Amino acid sequence: MPRARKGHAPRRGGLRRGGGARSSTQADSPSSDDEATSEVLSHYSSTSEGASVVEENLSSEVVDEQAQQEELEEKLKERIDDVADKSAKTRLGALESLRLAFSSRVLLDFLQERRLTLTDSLEKCLKKGKGEEQSLAASVLTLLCLQMGSGPEGEELFRSLRPLLVSILTDTSANLGARHSDLISCLTCLEGIFNGACREEPSSTLAPLQALHCCALQAWALLLPICPGSHISRVLDSQLPQLPQLLSSDSVHLRIAAGETIALLFELGRDLEEDFLYEDTDSLCSTLRALATDSNKYRAKADRRKQRSIFRDVLHFIETGECQEETIKFGLECMYVDSWTRRRTYAAFKETLGSGVLHHLQNNELLRDIFDLGPVLVLDSAAMKASKISRFEKHLYNSAAFKARTKARSRVRDKRADVL
């Protein structure tokens, strides 16, 4: 019997995504697929000892999670007090710890009692701190607003600090890092910031200013879809002819932000008018096509790959009106990102929350309201046990699937097997 070739080794996690089954459709017969499935189920259901271990692990995990929550809250109390410390190094460490905690957990009950204390400390950091401290304080403030939600407390928090954030943004003598951390609350200031990049030569813009222009453009695109139609019409007339100039920027991030914003403007324009037309569409598509096939060696390979992928989607949308759909899975739910408006919104929260974005989509009422996900799902212990898969259980399933799939493929590759 010939040995299995290296190229036929299954991809990690391929069974769940269907990759292993599709990669061998020419070799596997329907009967071998059925046999593989039955062997997996037989092997998996026979591990009664493993099932009992799984139940014990789940119960112990619940207890451990409660203990971890209590320990986290005790540490956060100390870090909130450290935000008002005299030492700048201590304040920076406390702000970074709060940023990581707020992005990975929903802590609404904990923060209700400490909201005013933390807000006062953050306000002092924004007023008296230097660049890095101001930037971290603004990030923590953004996460605090997400934690508090759209209720009265969240609105009061935003309104009380909005004038200070606007003053930092418009102050040209302020640190650039602090300025581009506060953009999400300053719609009226954003056009004036990135319009400067449209008027300047691409090579004459400094890298820190390019980062500021990129943040301003992304924040502007995030807020634009909630504006009234009359304002969007004005924007289409004034901004759409200027944005293509940013496609020749030296910064790959600014080029990508400009391309995504152009696609967003086309989407908003088509929502207002079914027969929306842009006069220089041919010239724009030619530029987008060049960026979608860019192979210049002086640019980093990762940047070229990311740029080509995004501009292919932008070009396809402008030419056909079809947006590339993405599915986001979290827990027992999934969310479809099927428009440029939804794509920009999800990207903004993903950038802010990092790896905690899926946890917040599952448990944060504000994010669920923004993405129309409905109320938070409340599952009893039985449903949680049925839906949660432990590492041990995954290992059992994957090992059984690997063994059964290898046997099935070996039988098909054997010359003595009858393949119809």
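Please keep in mind that the model is predicted. The count of salt bridges comes to 12, while a search of the whole structure finds 0 disulfides.

- Helix α4 covers residues 48-82, and both Glu74 and Lys77 belong to it.
- The Glu74 and Lys77 side chains form a salt bridge, with 3.5 Å between the closest N and O atoms.
- These two residues are 3 positions apart in the chain, about one turn of the helix.
- Glu74 is partly exposed, at a relative accessible area of 45%, and Lys77 is also partly exposed, at 31%.
- Helix α4 also holds Arg79 and Asp82, again 3 residues apart and so about one turn of the helix from each other.
- Arg79 and Asp82 form a salt bridge in which the closest N and O atoms are 3.0 Å apart.
- For Arg79 the relative accessible area is 24%, so this residue counts as partly exposed.

- Moving on to helix α5 (residues 88-104), Glu96 and Arg99 are separated by about one helical turn because they are 3 residues apart.
- Side chains of opposite charge can pair when their charged atoms come close.
- In the salt bridge between Glu96 and Arg99, the closest N and O atoms lie 2.7 Å apart.
- Glu96 counts as partly exposed because its relative accessibility is 29%.
- Arg99 is partly exposed too, with a relative accessible area of 25%.

**Cysteines**

- Cys125 is buried, as its relative accessible area is 3%, which is under the 20% limit.
- Cys334, by contrast, is partly exposed, with a relative accessible area of 34%.

Conventions
Residues numbered from 1 in each chain as written. Predicted model: local features only at pLDDT ≥ 70, side-chain atom pairs only at ≥ 80, totals over all residues. Heavy atoms only, no water. Salt bridge = Lys/Arg side-chain N within 4 Å of Asp/Glu carboxyl O. Helix = DSSP H or I, 4+ residues; strand = E, 2+ residues; numbered from the N terminus. Buried < 20%, exposed > 50% of the residue type's maximum accessible area, 1.4 Å probe, protein only. Disulfide = S-S within 2.5 Å.
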